[in-house]
Amino acid sequence: MRVAEYMNRVHDHAVFPSVAALQAELEKLAATHPDLVRLRRIGASRLGDPLHAATVGDGAADAVVIAGPHPNEPVGALTALTLVKLLCEDPRLRAELGLRWHVVACADPDGARLNEGWYATPGDRRAYARHFYRPDLADQVEWTFPLTGEDYSFDRPLPETRALMRLMDDVRPSLVCSLHNGEYQGAFFYLNRHDTALARRLAELPGLEGLPPHHGEPELPGAEPIVPAVYLTPPGAQVGKAFGAGGSSADYAAAFGALHLVTEVPTWADERVADQSPSGRAYGQILAGGAAARRELIDTMRAGMRDVAADLSVRSPFRRSTENTLETFRKLGEMEEAVPDLDRPATVAEEFGNRQMLHLMRLRLLGTFLRMLDAEIAAGNLTPAIREQRRLLAERFETWYGQAEADSPGPPIELRRLVAVQLGAVLTAACHDPSSC
C-alpha cells in the first residue's frame with residue numbers, strides 16, 4: 001500500500017465541525033453506505049450526550065480509532081471522517097488492511113462544545129485562547145483509565161472512558177490509535193513498542209506534508225525517544241502517580257496486546273521546532289528562565305483566584321480546570337527542572353519549545369480564567385472583586401498575547417495537511433506488511 005497516495009487524497013477543510021455537525025456527517029455516511037457503516041451507541045458523556053462508534057469493514061482483526069480525547073484537539077475529528085469515507089469508497093484499501101474499524105469521532109462531546117467558539121477560525125490564536133477549554137488530567141477521557149499497582153492505583157474512569165473500555169473489551173483490538181494535536185510544536189508520535197522500523201516510517205510522514213518534526217523538549221520531561229520525533233509511550237502509572245490521574249488508552253490497550261499509536265500534529269508552523277543547531281545558551285539557563293516565568297504565571301493566577309473565590313457562585317467547569325491545571329503545570333515544571341545534564345548546550349528547538357510552552361500555558365490558563373469570570377458576570381454576579389479582576393486580567397491577557405504573537409511568526413497550517421499526517425500514521429500502523437507502506 002502506498003500511504004502517500006492516500007494522504008494526497010485528503011480534501012481541504014476551512015473549519016472544524018461542531019459536535020452536532022460531526023454526528024450528522026457520520027449519520028449521513030451510515031445512511032449512504034448501510035452495507036458498510038454501522039453506527040452504534042457505546043455510552044454517554046457526563047452530561048448525557050450519546051457516544052457513538054462507527055464500525056466499517058469486516059476484517060479478521062479489529063482496530064479502534066479515538067478522536068477528540070482532549071476537547072481542544074479537533075483535528076482528529078476530521079481525520080476520523082476522512083478515514084471512514086476512504087474505507088467506504090475504496091474496497092482495495094479495506095481488503096489490504098484486513099481490519100474491522102471502530103471509529104469514535106468525538107470522545108468528549110461535552111468538552112468539545114465548550115471549544116466550539118473557535119472552531120470556525122482554526123488559525124486565530126486569539127480566538128483559540130479566549131474560547132479555550134481543556135479539563136485537567138484527572139478529568140480527561142485519555143487519562144482516566146484504571147490503574148492497578150503496588151504503589152499507586154486509580155479506579156475512577158469517566159463515563160466517556162468507560163465507554164471506550166467497553167468498546168475495547170467487546171472487540172479486543174489489535175490496533176488502537178489516539179489522535180491528538182497541539183499548538184506551536186512539531187509533529188511527533190508515541191508508540192507502546194520499541195519498534196524502530198515503524199518509528200522511522202512514522203517520522204518520515206510529516207515531511208511529506210511540509211510539517212516540521214518535533215526536535216525540541218519532549219511533551220513529558222524524560223520521555224524516551226525511539227527515533228527523533230517518535231517516543232516510547234510513558235507508563236500510565238508514572239504519569240498517573242505524578243498528577244493524581246489514571247492510565248491512558250495505551251495502558252488499557254496493552255491488555256489485548258494491541259499496538260498503540262498516538263499522533264500529535266501542530267496547529268501553527270515554525271521551523272525552529274526542528275532546529276537542532278546550538279542556541280548559544282546552556283540548557284540549565286533556558287530552564288531557569290522558564291521556571292521564573294512559570295512562577296510569575298502561577299502567582300498571578302493564584303492571586304486572582306484568591307480575590308474572587310468568596311464571590312464565585314456559578315458551578316463552572318472553568319474554575320475546576322483553572323485550579324487543577326495550575327497544579328499540574330507546577331508539577332510539570334518540577335519534573336522539567338529535575339532533568340540531568342543542565343550544563344550542556346541547548347538547541348534552538350529546545351529554547352523555542354520552552355518559550356512556546358510558557359506562551360501556551362499563559363494564554364490557556366488566563367483564557368479559561370476569563371471565561372470563568374464571564375460566566376459569573378453573565379449570571380448577574382457583578383461584585384467589585386469580580387469586575388476588578390476581569391479588568392486586570394483582560395489587560396494581562398493582551399500583554400501576554402502580544403508577547404506570544406511577537407515570538408511566533410509562523411503561519412497556521414492548512415487543516416488538510418494535518419489530517420493527511422494523522423491519516424498516514426494510522427494507515428502506516430495498520431499495514432500488515434511493513435515493507436509495502
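Trainee: Where does Gly 68 lie?
Mentor: In this predicted model, Gly 68 lies in the loop that runs between strand 3 (61-67) and helix 3 (75-89).

Trainee: Is Gly 68 buried or exposed there?
Mentor: Gly 68 has a relative accessible area of 9%, and because the cut-off for buried is under 20%, Gly 68 counts as buried.

Trainee: Which residues does Gly 68 touch, leaving out those up to four places away in sequence?
Mentor: Gly 68 touches Glu 73, Ala 107, Asp 108 and Leu 179. As for Thr 79, which is 11 residues from Gly 68 in sequence, the two C-alpha atoms are 10 Å apart in space.

Trainee: OK, on to the core. How many residues does the largest nonpolar core have?
Mentor: The largest nonpolar core has 75 residues, and those with the most contacts inside it are Leu 83, Trp 101, Leu 175, Leu 191, Leu 202 and Leu 427. Helix 16 (residues 415-430) gives the most to this core, contributing 11 residues. As a general point, nonpolar side chains tend to be buried together in soluble globular proteins.

Trainee: Take Leu 175, then: what does Leu 175 touch?
Mentor: Setting aside residues up to four places away in sequence, Leu 175 touches Asp 62, Ala 63, Val 64, Leu 99, Trp 101, Ala 258, Leu 259, Val 426, Ala 429 and Ala 430. There is also a second, separate core of 26 residues, which includes Tyr 133, Phe 329, Leu 360 and Ile 386.

Trainee: Now helices. At roughly what angle do the axes of helix 14 and helix 15 cross?
Mentor: The axes of helix 14 (residues 348-378) and helix 15 (residues 384-406) come within 10 Å and cross at roughly 155 degrees, and helix 14 and helix 15 are therefore roughly antiparallel to each other. The crossing of these two helices is left-handed.

Trainee: Which residues of helix 14 and helix 15 meet?
Mentor: Among them are His 359, Arg 362, Leu 366 and Phe 369 in helix 14, and Ile 386, Arg 390, Phe 397 and Trp 400 in helix 15. By class, the residues of this contact divide into 13 nonpolar, four polar and five charged.

Trainee: What about helix 12 and helix 15, how do their axes cross?
Mentor: The axes of helix 12 (residues 283-308) and helix 15 come within 9 Å and cross at roughly 160 degrees, so helix 12 and helix 15 are roughly antiparallel, and their crossing is left-handed. The residues that meet include Glu 296 and Leu 297 in helix 12, and Ala 385 and Ile 386 in helix 15. This contact of helix 12 with helix 15 has six nonpolar, three polar and three charged residues.

Trainee: Last topic, backbone angles. What is phi of Arg 172 near?
Mentor: Phi of Arg 172 is near 50 degrees, a positive value in a residue other than glycine, whereas most residues other than glycine have a negative phi. Arg 172 is in the loop between helix 8 (159-171) and strand 5, and Arg 172 is exposed, with a relative accessible area of 55%.

Trainee: And Ala 229, buried or exposed?
Mentor: Ala 229 counts as buried, at 5% relative accessibility. Ala 229 is found in the loop between strand 7 (225-227) and strand 8 (230-232), and has a positive phi of about 80 degrees although it is not a glycine.

Methods:
Residues are numbered from 1 along each chain as its sequence is written. This is a predicted model: local features need pLDDT of at least 70, side-chain atom pairs count only at pLDDT 80 or more; totals for chains, interfaces and linings use all residues. Side-chain values use heavy atoms; hydrogens and water are left out. A nonpolar core is a set of buried Ala, Val, Leu, Ile, Met, Phe, Trp, Tyr and Cys residues joined through side-chain atoms within 4.5 Å. Buried means under 20% relative accessible area, exposed over 50%, partly exposed in between (1.4 Å probe, protein chains only). Helices (H or I, at least four residues) and strands (E, at least two) are DSSP runs, numbered from the N terminus. Contact means heavy atoms within 4.5 Å. Axes are lines fitted to C-alpha atoms, for helices over the stretch in contact, and angles run from 0 to 180 degrees between N-to-C directions. Angles under 35 degrees count as roughly parallel, over 145 as roughly antiparallel, 65 to 115 as roughly perpendicular and the rest as oblique. A crossing is left-handed if the near helix is turned anticlockwise from the far one by less than a right angle, and right-handed if clockwise. Ala, Val, Leu, Ile, Met, Phe, Trp, Tyr, Cys and Pro count as nonpolar, Asp, Glu, Lys and Arg as charged, and the others, Gly among them, as polar.
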